Amino acid sequence: MILLVGVILFPTMILAQNANQSAEQKLKNFCSQILSLTSKIDQKITGIGDKLGVKRVEISNKLEERRDNREMKLEQVRDKWDVNREEHFVKLEEKAKTEEQKQAVINFKKAVNDAISTRRLAIDLAIQNFKTGVDQAIASRKASIDALGDNYESAVKAAITKATTDCASGVLPATIRQNLTNDLKTARDKFISERKEIDKTKEVKDQLIATKKAAFEKAISDFKIAMEKAKSDFKASFPGHGTTTED
């Protein structure tokens, strides 16, 4: 979006250069300068478009890198707790002597694994929904920015075409200049106004974050409830032994 500001300012900067000329020179050169304005704007827009494309690729790559790092860390934490949990189960199995105790360990192990599996599925779903929502918001913003740039470019070129036609029709250069300046200002103001609306997409991301957080909190709450029941049931059949496990 910052790069597009260059497109907004470029036509105005070219017109402003005439202010340093004498009145006679301005009248004589204005229409001839208009003819070269379109090609200069095309070159400027092409350059800005290329830079915008490179910037988007960089942002996309960084986003994917951050996601990959978070997923890798999450898997590492889960793998660690899986190992610890299995070691704890083995110790419980070794302490179980009676059939009732052995069955209590089996039941406890299943209850814990089920609770963890449910929690992980809920967390993974929340993460996936968040990623999908962010991707959709990014795609929507990109489409809006592209459309905004195209509309602004069309408005600028239409203003220049009108000025060129007025030149050929013998309209006074001073009048053409004023009309062109007004048209460019209108296009610029419209661009800035619509740009502010696009920037409001941050609210979408904030809502996605809030939704993911709520899903995480529910998954954790449900997990704790399931774990408390699993521990309570286990202690009733196998009193005197700890049941500490983690996800």
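**Reading aromatic contacts**

Q: Is Tyr-152 buried or exposed?
A: Tyr-152 has 4% relative accessibility, so Tyr-152 counts as buried (under 20% relative accessible area; exposed is over 50%, partly exposed in between, with a 1.4 Å probe and protein chains only). This is a predicted model, where local features need pLDDT of at least 70, side-chain atom pairs count only at pLDDT 80 or more, and totals for chains, interfaces and linings use all residues. Residues are numbered from 1 along each chain as its sequence is written; side-chain values use heavy atoms, without hydrogens and water.

Q: Which helices hold Phe-108 and Phe-234?
A: Phe-108 is in helix α3 (residues 99-168) and Phe-234 in helix α5 (residues 202-237), so the pair ties together parts 126 residues apart in sequence. Helices are DSSP runs (H or I, at least four residues), numbered from the N terminus. Phe-108 is buried at 2% relative accessible area, and Phe-234 is buried at 2%.

Q: What geometry do Tyr-152 and Phe-191 have?
A: Their pair is edge-to-face, 5.3 Å centre to centre with 65° between the planes. It links Tyr-152 in helix α3 to Phe-191 in helix α4 (residues 173-199), 39 residues apart.

Q: Which charged end sits over the ring of Phe-130?
A: That of Lys-212, 4.1 Å from the ring centre (NZ of Lys or CZ of Arg within 6 Å of the centre and within 35 degrees of the ring normal).

Key. Helices (H or I, at least four residues) and strands (E, at least two) are DSSP runs, numbered from the N terminus. Rings of Phe, Tyr and Trp (its six-membered ring) pair if their centres lie within 6.5 Å; planes under 30 degrees apart count as stacked, over 60 as edge-to-face and the rest as tilted.
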